[in-house]
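I opened this notebook to record what I looked up in the structure, entry by entry.

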Amino acid sequence: MATIIIPTPLRRFTNNVARMNVGAGNVSDAVLELTSSFPELKKHLIDTNGKIAPFINIFVDNSDIRSLDREQTQVKENAVIFIIPAIAGGITSPKK
Amino acid sequence: MDHENIQFSKQELSRYNRHIIIPEFGLSAQRKLKAAKVLVIGSGGLGSPSLLYMAAAGVGTIGIVDYDVVEDSNLHRQILFGIEVVGLPKVEAAMHRLQNLNPHIIIKIYNTKLTSQNAMSIMKEYDVVADGTDNFSTRYLVNDACVLLGKPNVYASIFQFDGQVTVFNYCNALGERGPNYRDLFSSPPPPGLVPSCAEGGVLGVLPGIIGSMQALEVIKVITGVGEPLSGRLFAFDALTFESKTFNIKRNPDNPLNGKNPTINELGDYDQFCNIQTDEKAIKEITAKELYEWQTRGDDFQLIDVRNLSEYEIVNIGALLIPLSSISTRAMEISRDKKVVIHCKSGGRSARAIRELEEKFGFQNLYNLKGGILAYADEVEPELARY
């Protein structure tokens, strides 16, 4: 089993679950398994084309999947998958 | 950064003694610090610790860009400020505090919003930029200006319990340029998808930790001591105290400095971040008008879309339906009388109204302008503010 770590900003969509075991396969399979368990997460991870959203980074161990095989990157047994979202701190847009 | 001719007074040598006696640091690195010009964008949660440490360390010239004023609700994390400066422009309060900490350095302040029009002229005067801003538009603006000007951008960001630090656009001794923000996040999340700190909150000590790391990286970039966090992203989870450093690379498709660059000047970052400036108007009611409805005994429903923890701090007797569950609880909202929806300051309630109007066709919803804060200001001054 591989482990997928949910970052704190997204845990409100996972009932505060911080990590989930997923079957080995590829990143796409792992994300699908995660979003099947927590459907609210989907729009925060996947864009309208079914790809990982551009404001999300996924790392397998410490490597960016974009420098590997993107969504098809293989996830080995005992691998750890990290979801790193864009965070900006305070407000959605600058005050006018 | 011409540091060879930098001189120190007796007082400065005494002040920086603990730096100078570190063998790997020495007088040479201290000279580089004094020669350096660093621009800090945002003097809030992240800027507070990073400015304090940079000033204390002897960064010779520090510029600060911020157009906000100090509020009491800033003080749980913005340790540059005390109650005596509440209401003052942050840059002025910061300058006073930092000059008091270190009179041997120069502080320049810009009490203005950083925009596509002024960013290049302000930033070109500096060697290093430290981005501690609080919104995606300014993040992309700072990033693009740094890349166009060839400046390193020491990036720090926080949300609730998570922090991120990296050094963008760093040029190493071999002349190799590291990744920038657009390599990491090619576009921002849609507005409303990520709650703001004003809505989602932030643990006060987190910007202290992450802002201090930002200052550390600024000092490393200036002095060349150690390995700057270029090509690596540090992520910290304060809840589990787990941290991880990830490898990040340049993206050949980056429109700024990839294989086929298409951006050669600053653009409209609100538009890029899909921030709607022409959203459909919604009906509004002022706090005073709401009070008139209440005293007149009008028949209307009052709904609060904040979180339970905020409701417990202060409320005005509304039905609590947090924004995250507004659609699933839409059947609790009246259709046959006026409904006033409020939040803290009017943003979330406006989003709730748009969602209810679009999904369910409501036509009887009014947004309380300025939220419960306006109600406290205009109607019930004894209500708690947060």
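**Entry 1. Confidence.** I noted that this is a predicted model. I read an ipTM of 0.91 and a pTM of 0.80 for the model. For chain B I found a mean pLDDT of 93, with 96% of its residues at 70 or more.

**Entry 2. Helix α4 of chain B.** I looked up residues 47-57 and found helix α4(B) mostly covered, with 9 of its 11 residues buried. Among the buried residues I listed P49(B), L51(B), L52(B) and M54(B). I then asked which elements of chain B the buried residues of α4(B) pack against. They pack against helices α3, α5 and α10 and strands β1, β2 and β4 of chain B. Just after α4(B), I recorded a positive phi of about 95° at G58(B).

**Entry 3. Helix α7 of chain B.** I checked the length of α7(B), residues 136-149: at 1.5 Å a residue its 14 residues should span 20 Å, and the end C-alpha atoms are 20 Å apart, which agrees. I found 12 of the 14 residues buried, so α7(B) is largely enclosed by the rest of the structure. The buried residues include F136(B), R139(B), D144(B) and V147(B). Just after α7(B), G150(B) takes a positive phi of about 75°.

**Entry 4. Contact between the chains.** I found 43 residues of chain B in contact with 25 residues of chain A. On the chain B side, α7, β5, β6, α9, β7 and β8 each supply at least two residues. I recorded the residues of this side as 20 nonpolar, 15 polar and 8 charged.

Terms used: Residues are numbered from 1 along each chain as its sequence is written. Chains are lettered from A and ligands numbered from 1 in the order in which they are written. This is a predicted model: local features need pLDDT of at least 70, side-chain atom pairs count only at pLDDT 80 or more; totals for chains, interfaces and linings use all residues. Helices (H or I, at least four residues) and strands (E, at least two) are DSSP runs, numbered from the N terminus. The expected span of a helix is 1.5 Å times one less than its number of residues. A residue is buried if 20 or more other C-beta atoms lie within 10 Å of its own, exposed if 12 or fewer, and partly exposed in between; C-beta atoms are placed from the backbone. Two residues are in contact if their C-beta atoms, placed from the backbone, lie within 7 Å. Ala, Val, Leu, Ile, Met, Phe, Trp, Tyr, Cys and Pro count as nonpolar, Asp, Glu, Lys and Arg as charged, and the others, Gly among them, as polar. pLDDT is the predictor's confidence in each residue, from 0 to 100.
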